[in-house]
Amino acid sequence: AKACGDDCSNNTKKFHSRSPDYSPQIGGYCLDFYGRARLASVRNFQLVDPHAGPLVRGDEEARALLLFGRWSKDEFRLDVKAPFSIVDAFGIAVSSFATKLACI
């Protein structure tokens, strides 16, 4: 069996978590969630397709295929676009809790 590196088969897709940008206004890194997250959390993330070309400022929201962000103390928001199904997105979001249990 061949390990899947950068040369994956045509029916395998690889997505990246979008990196935050440095904000001199707050003196730290931040990631815009376009009103879909109110609170900072280690579980907040956005997945983008790295093969769709470089990110252009102003195009970030359209490029986020999966967005998971904390809305309140007990509530998260999950936005999803193709090629993910809602079941795929839910599984990915739940897995973010499994890897960060000590950070509740």
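**View 1. The largest nonpolar core comprises eight residues, namely F45, L47, L65, L66, F68, F84, A89 and A93.** Such a core is a set of buried Ala, Val, Leu, Ile, Met, Phe, Trp, Tyr and Cys residues joined through side-chain atoms within 4.5 Å, where buried means under 20% relative accessible area, exposed over 50% and partly exposed in between, with a 1.4 Å probe and protein chains only. Two or more residues of this core come from each of β4, β5 (66-72) and α2; helices (H or I, at least four residues) and strands (E, at least two) are DSSP runs, numbered from the N terminus. The model is predicted, so that local features need pLDDT of at least 70 and side-chain atom pairs count only at pLDDT 80 or more, whereas totals for chains, interfaces and linings use all residues. Residues are numbered from 1 along each chain as its sequence is written, and side-chain values use heavy atoms, with hydrogens and water left out.

**View 2. Four strands form an open antiparallel sheet in the order β1-β4-β5-β6.** Two strands pair if DSSP finds at least two bridges between them. Because β1 (16-17) and β6 stand at the edges with a single partner strand each, one side of each is left without a neighbour in the sheet. The antiparallel pairing of β5 with β6 extends over six bridges, and S72 stands opposite E75 in β6.

**View 3. Y34 has a positive phi, near 55 degrees, in a residue other than glycine.** Y34 lies in the loop between β3 (28-30) and β4 (45-48), and counts as partly exposed because its relative accessibility is 22%.

**View 4. A cis peptide bond joins A82 and P83, with omega about 20 degrees.** P83 is placed in the loop between β6 (75-80) and α2 (86-98).
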